[in-house]
Amino acid sequence: MFANGQFVIQLMERLAPRRLAVEGDRIGLQVGTLQKEVRKALVALDVTDAVVDEAIAAGADLIIAHHAVIYRPLPAIDTSTPAGRVYEKLIKNDIAVYVAHTNLDTAEGGMNDWMAELLGIESEGCLEEIHVDPLLKLVVYVPESHREAVQEAVWRAGAGHIGQYDCCSFETEGTGTFRPGEGTNPHIGVTGRLERVKEYRVETVLPESIKGAVVRAMLKAHPYEEPAYDLFPLKLPGKGYGLGRFGRLKEPATLEAFARHVKEAFDVPFVRVVGDPERIVRRAAVLGGSGSRYMRHALRVGVDVFVTGDIDYHTAHDALAAGLAIVDPGHNAEKIMKARTAERLAADLAAAGYLTEVIPSAVPTEPFRLL
């Protein structure tokens, strides 16, 4: 059995939730439809003419890309142009294109975490926070017989985490009153008679993003037809998500040695380096894609070297003057997402019992050559 396109994307959005994207980013379905069976999906960094040919040859029904195939508004689809021919091929071969860009960059266990891991950066945080998942408190009143079952259900759904602790809750004993009305089928009591029942007030915290799952789990485990519960917003800071990662390197190195490590880790043909090659670097930041505008963020968190792509001439001079080393492996370093994303999706689909195959694109899309 093969998965429906919508289900494939549900799994993709578990890895890279849409809410984590930078406002205005071009993400989501860009070409075709997800209302179809997907026998094979191709994961690509860019959707080029050669990548589309690869998808056709592989029999792919879906391309999951990091970079948008439609980035600017289209005044027309002129199939005599290079871009128009790409759209024409996609449509004629019924290949859908779905894009996960800054949401994949930002996600926990996504692009920037992968890059930090490859470089040996022990991450302490992100360079720029772009999304905070607000905290809520769930309060539910439960009869003594089902107190533990309800607690365990909401914990399994993701509630009850405070820092490095889980299964966190608080409970107080009290008396609940209710009178079942006509047409009810009460778990406790008799229709029309006021009941007084020993109950527990159980409190726990949860991020707003999983509110629906936690409430559904609580309702399923609760014995009452109409459980009494409340959700309160908290002023405590929720979990932050953002672009880039920074922290201490597992192994200090000279800038030259570290730059060679970057080149090897990202399998790129060259890197550009700003700074003294003999300088020892101990703390590093990384940001996939174009990071020129995040140079000040890297300075603020106190790193020795900033790894990112598309550094312009003037930003390089500013970094040199400020004492910040830079290693620029180019934008194409993000190609690491192909194998990582394909592996994750393939495993999730197999675990769900589907035969849908997910493969990483083998077509190189690095436009630069070093002469």
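This is a predicted model: local features need pLDDT of at least 70, side-chain atom pairs count only at pLDDT 80 or more; totals for chains, interfaces and linings use all residues.
1. **Helices α6 and α7.** Ala 149, Val 150, Ala 153 and Val 154 come from α6. Val 214, Ala 217, Met 218 and Ala 221 come from α7. By class, this contact has eight nonpolar residues, no polar ones and no charged ones. Helix α6 covers residues 147-156, and helix α7 covers residues 211-221. Their axes come within 8 Å and cross at roughly 155 degrees. Angles over 145 degrees count as roughly antiparallel, so α6 and α7 are roughly antiparallel to each other. The crossing of α6 and α7 is right-handed.

2. **Helices α2 and α3.** Next comes the pair formed by α2 (residues 49-58) and α3 (residues 82-92). The two pack at an angle of about 15 degrees, and their axes are 10 Å apart. The cut-off for roughly parallel is under 35 degrees, so α2 is roughly parallel to α3. The crossing of α2 and α3 is left-handed. On the α2 side, the contact is made by Asp 49, Val 52, Asp 53 and Ile 56. On the α3 side, Val 86, Lys 89 and Leu 90 take part. The contact of α2 with α3 divides into four nonpolar, no polar and three charged residues.

3. **Helices α1 and α11.** Which helix packs against α1 at an angle of about 125 degrees? The partner is α11, residues 336-351, while α1 itself spans residues 5-15. The axes of α1 and α11 are 10 Å apart. Helix α1 contributes Phe 7, Val 8, Leu 11, Met 12, Arg 14 and Leu 15. Helix α11 contributes Thr 341, Arg 344, Leu 345, Asp 348 and Leu 349. Sorted by class, the contact of α1 with α11 has seven nonpolar, one polar and three charged residues.

4. **Asn 103.** Is Asn 103 buried or exposed? Its relative accessible area is 0%, so Asn 103 is buried. Asn 103 sits in helix α4, which runs over residues 102-106. The side chain of Asn 103 reaches the backbone oxygen of Ala 16 at 3.0 Å. Now set aside the neighbours within four places in sequence. Asn 103 is then in contact with Ala 16, Pro 17, Arg 18, Leu 20, Ala 21 and Ile 27.

5. **The loop between α3 and β6.** Asn 93 is in this loop, and β6 covers residues 96-99. The relative accessible area of Asn 93 is 38%, so Asn 93 is partly exposed. Asn 93 and Thr 177 are 84 residues apart in sequence. In space they are 63 Å apart, C-alpha to C-alpha. Asp 94 is also in the loop between α3 and β6. With a relative accessible area of 44%, Asp 94 is partly exposed.

6. Most residues other than glycine have a negative phi. Asp 94 has a phi near 55 degrees, a positive value in a residue other than glycine. Cys 167 is likewise not glycine, and its phi is near 55 degrees, a positive value. Where does Cys 167 lie? It lies in the loop between α6 and β10, and β10 covers residues 170-178. Cys 167 has 41% relative accessibility and therefore counts as partly exposed.

7. **The whole chain.** How many helices and strands does the protein chain have? The secondary structure comes to 11 helices and 19 strands. Along its principal axes, the C-alpha trace spans about 90 × 55 × 35 Å. The protein chain has 371 residues, and 46% of them count as buried. Residues 24 or more positions apart account for 73% of them.

Conventions: Residues are numbered from 1 along each chain as its sequence is written. Side-chain values use heavy atoms; hydrogens and water are left out. Axes are lines fitted to C-alpha atoms, for helices over the stretch in contact, and angles run from 0 to 180 degrees between N-to-C directions. Helices (H or I, at least four residues) and strands (E, at least two) are DSSP runs, numbered from the N terminus. Contact means heavy atoms within 4.5 Å. Ala, Val, Leu, Ile, Met, Phe, Trp, Tyr, Cys and Pro count as nonpolar, Asp, Glu, Lys and Arg as charged, and the others, Gly among them, as polar. Buried means under 20% relative accessible area, exposed over 50%, partly exposed in between (1.4 Å probe, protein chains only). A polar contact is a pair of N or O atoms within 3.5 Å; within protein, one must be able to donate a hydrogen and the other to accept it, and residues adjacent in sequence count only if both atoms are side-chain atoms. Angles under 35 degrees count as roughly parallel, over 145 as roughly antiparallel, 65 to 115 as roughly perpendicular and the rest as oblique. A crossing is left-handed if the near helix is turned anticlockwise from the far one by less than a right angle, and right-handed if clockwise.
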